Structures are given as C-alpha cells and as structure tokens.
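Dear colleague,

I am passing on the structure below, and after it I set out what was found. Please read the notes on conventions along with the findings.

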Amino acid sequence: MAQPNSVKVVELCRVAPKPGAPDLLSLPLTYFDSLWLRFPPVQRLYFYELSQLTSSSTSTDSVVLAYLKTSLSLTLKHFVPLAGNLTWPQDSHTPLLSYVQGDAVSLTVAESDADNFDHLSSKDVFLKSKAYHPLVPQLESSHERTAAIALQITLFPGRGFAIGTAMHHAILDGKTSISFVKSWAHACSKQIESGLSIGSDIPLPEQLKPLYDRTVIYDPTGLGLESIYLNDWQNLDGPNNRSVKVWELKAPPDDSVRSIFEFTRAQIQTLRQMVLEKVSDPLHLHLSTFSLACAYTWVCLVKAQEIEAGKVSIQVFSVDCRPRLDPPVPENYFGNCMMAVMLFAEAKELLGEDGLVVAVTAISETIKGLDKNGVLKGAHEVYFSKNKDLFQAEGIYSTAGSHRFQIYDTNFGWGRPKKVEVVSIDRTGAISVSDSKNGGGGIEIGVVLKKDCMEAFASLFAVGFGKHRVRG
C-alpha cells in the first residue's frame, strides 16, 4: 500500500465570489470574535466515497472538481467576507474583516493514491496523528493580514475525494463554519440533482443564509468585554501590538496517534443508568448526551494518561451563546457567538469509583448557570492570549465541535461523508465532538494521544461500562 501521506499538489488556484454578490466590504469584529483573535485555525477533513452506484457522468475526477469549484464560487456570493482578509488598521479600534474587489479564497487541488483512501477514511484503526496534515490547507497569515479561510480538495482516483478546510476562529465559530460548508454542499448537490449546467445559480434555504447584522451582538455585562480583550492582545508583546498572525502551535509528538470513538444511543442510556444508580437526588444533574459523553471521556483520559491524584484536572468546552442571551441572537448570525467555560475536578476523585458521577456533576453545575446571560459570567477573566502554553498539557481538556451541528448531513451530491475529522486537535489537544455517522442519536469523539495512552484509553473506553450490558 502507498504511504498514507503521499499527496501531490496538482493545482493552486483562487476562487472568487460569483459576480453579483452583495456589496459588503468590511465587518468589525465583536468581543466574541476578538477573544479568538490569534487562535490557530480549525482544520476539518471530510471524506467522500464515490461508490459504484454513483452515476459515472458525475463521478469522474474532472467533473467532481468542476462541480466543487463552481458551486464554491456560487456559495461565496452569499459569504463574500470569507474571500477577504482580517486586518487591524492603525485608525481602527477593532480588527476588521475586509473584502476588496479581486479578493478570493485559496483552493489547493491535490491527488493521492487510491489505495490510501480506505486506510485514511477508516474508523477502525489508529492513524498517525500527522497522516492528515497533507490533506488540509494552511491559512495564509502574516502580522498585517490573515485570510479568512483556505480550502483543499484531494482526489483519490476511482475511490473518492476529501475536502479539507481551515477556518479562522476569530471570523467563524463552529456553527458558522459548518453552515458555510453545508451551503457549499447544498449548491453543489442541487446542481447535480437537478441536472443543471455547471455554474447555474442556486438560492440558499433561509436557515443557511448568513446574517451579518452586528447590532444583534451586545455586551450585557457592562464591563466592556471588547476593550478588555483587544487591550490584552495589544499588550501581548506590545505595546500597541496589532498583529493578526495566528499562533503556530507545536507539532504533536511523533509517536502520537488519532482515533474516533462512538457512543451509541444505547451506550448513552447505559451511562445515564450508571449515574442514576449512584446518586440520591438526580434532579440537579444534567444528563444530556453531551454531558454524559464528555464526562465519560474525561474520566477515561485522566486514567489513560495516569494524571497524578494530587492534581486538579480542567475541562473546557465552548457554549453557543445565541439562544442563551436575552434577547437571543438569530441562529444564522455570521461570526462568533460562543464563550469558553471552564470547570474543575480533583484527579483523585475522577480516578475513583465514582469518577463518572464526579465528572457529570461538575459539568451539570456549570451548565445550570449558562442561561439568560449567565453564560458571560466571568467572561472578563477569559484570556486566551495568556493561555498558549496550556495547549496539549496533560490533565487539561477541551472540546471542539458539537453533535448538534449534524455534520454527517453535509452531502455535496455524492452521499454523506464516510468520515469527518477535526485535524487541528493534534495541536490544540482538544477532543472533537460530532454526531455519529451511523445516526440513531449517537455521538462521536475524536482524540489524539501518544500511542501507549491511546491503547489504554481504547481499553478503558470499551470496558468502562462495567457490569451494565448495553441494550438496544
């Protein structure tokens, strides 16, 4: 079999919005955006298999590429700012996402050996953490300007293709970035389904149309979060440091591997039952799919990495603030509208017999305080600019993504993805979260660990349900 990273770049091009796009020249960052100003881009990878049932007229490499390129231009007509760049002019209080005529999105077209496809898109193996690096693009970034997004299409002749994305975190949160990719998929699939000529205009469904109105974002804390975050960035290696260059985090260790683990609905119910059997007052607990999956993963990670009992372990997860502000922010708002929340638990308690209950309780207590602007409590103390060294630290865990994004519904016209990975977690140390490819209310989590830790994690994950038999 060919080496998994044998990828050849065959074209470097730029795709501009189709003419006739709305006249939207610049967007100021809000405090939700500024929090993530120099955070590394989120890199995702979608694998699509071209089965024998796929029409040969729409599945040749050249036709696939033509549909993807032209539908991208059509989609950018609705997402014009994504063809622009992030800058921080001296005469502007806030950084700006600016688009000028001629701006375009960087698109890399690459090719890999067909034999690599099954290996790279399998969920049943441990992959070297760096195996996906040639399949995702790098974001063009300097101190003066940084691109909003970058894209890559890698063809596996006769087998399928992969779409790699790099999204600037200060410009798009997870919901907005997934909405953009789903809009691209919608435009592409509609052309194929309708037999329309390549390049035909396709309107977006209302739920995918981005809302650019910045007036819907306000600061209910009265603390001036925007100034707090921007002053902090300016004072980093400052004074008046207006750099917008994204951080370059260290590469993962050579012996690190990545893998995806699935929680079925039956397994989630089993975890719920395990918690209910150990607590006398379950009403105060938030026993959602997300809470239970994150709690179980947290416990397995602490055990697999053998975190010292005397340490405090930290769990960080991002919360969508759109429905939690008063009044709520529209679901299709373009930009960031999320906040990172942090919770703590003593490692010795997570390592104990009731570790799952301890983790669920910590998560539940945090979630309870998130409604009606409570999600911004302590937001003035959140400084990502000072936490760069915490990435990849053992005992500190964060999440990337959400099962509510329904990422496996992203169909470009050739079927649902065979596999979706968040590649960048190997540098940030995060745990990726998504819906399950198999549906049924399941959830997938992706982790990157040193090989020996991964083997321990996989074992703990499999046997941790104890005496409870998974039903369903």
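This is a predicted model: local features need pLDDT of at least 70, side-chain atom pairs count only at pLDDT 80 or more; totals for chains, interfaces and linings use all residues.

Residues are numbered from 1 along each chain as its sequence is written, and side-chain values use heavy atoms, with hydrogens and water left out.

Of the 472 residues, 55% count as buried (under 20% relative accessible area, with a 1.4 Å probe and protein chains only). Along the principal axes, the C-alpha atoms fill a box of roughly 60 × 55 × 40 Å.

Helix α7 (residues 265–276) packs against helix α10 (residues 355–368) at an angle of about 95°, with the axes 9 Å apart; axes are lines fitted to C-alpha atoms, for helices over the stretch in contact, and angles run from 0 to 180 degrees between N-to-C directions. The two helices, α7 and α10, are therefore roughly perpendicular to each other (65 to 115 degrees). Leu271, Met274 and Val275 in α7 meet Leu356, Val357 and Val360 in α10, where contact means heavy atoms within 4.5 Å. Helices here are DSSP runs (H or I, at least four residues), numbered from the N terminus.

Among contacts between residues at least 6 apart in sequence, 80% join residues at least 24 apart.

Best regards

Terms used: Angles under 35 degrees count as roughly parallel, over 145 as roughly antiparallel, 65 to 115 as roughly perpendicular and the rest as oblique. Buried means under 20% relative accessible area, exposed over 50%, partly exposed in between (1.4 Å probe, protein chains only).
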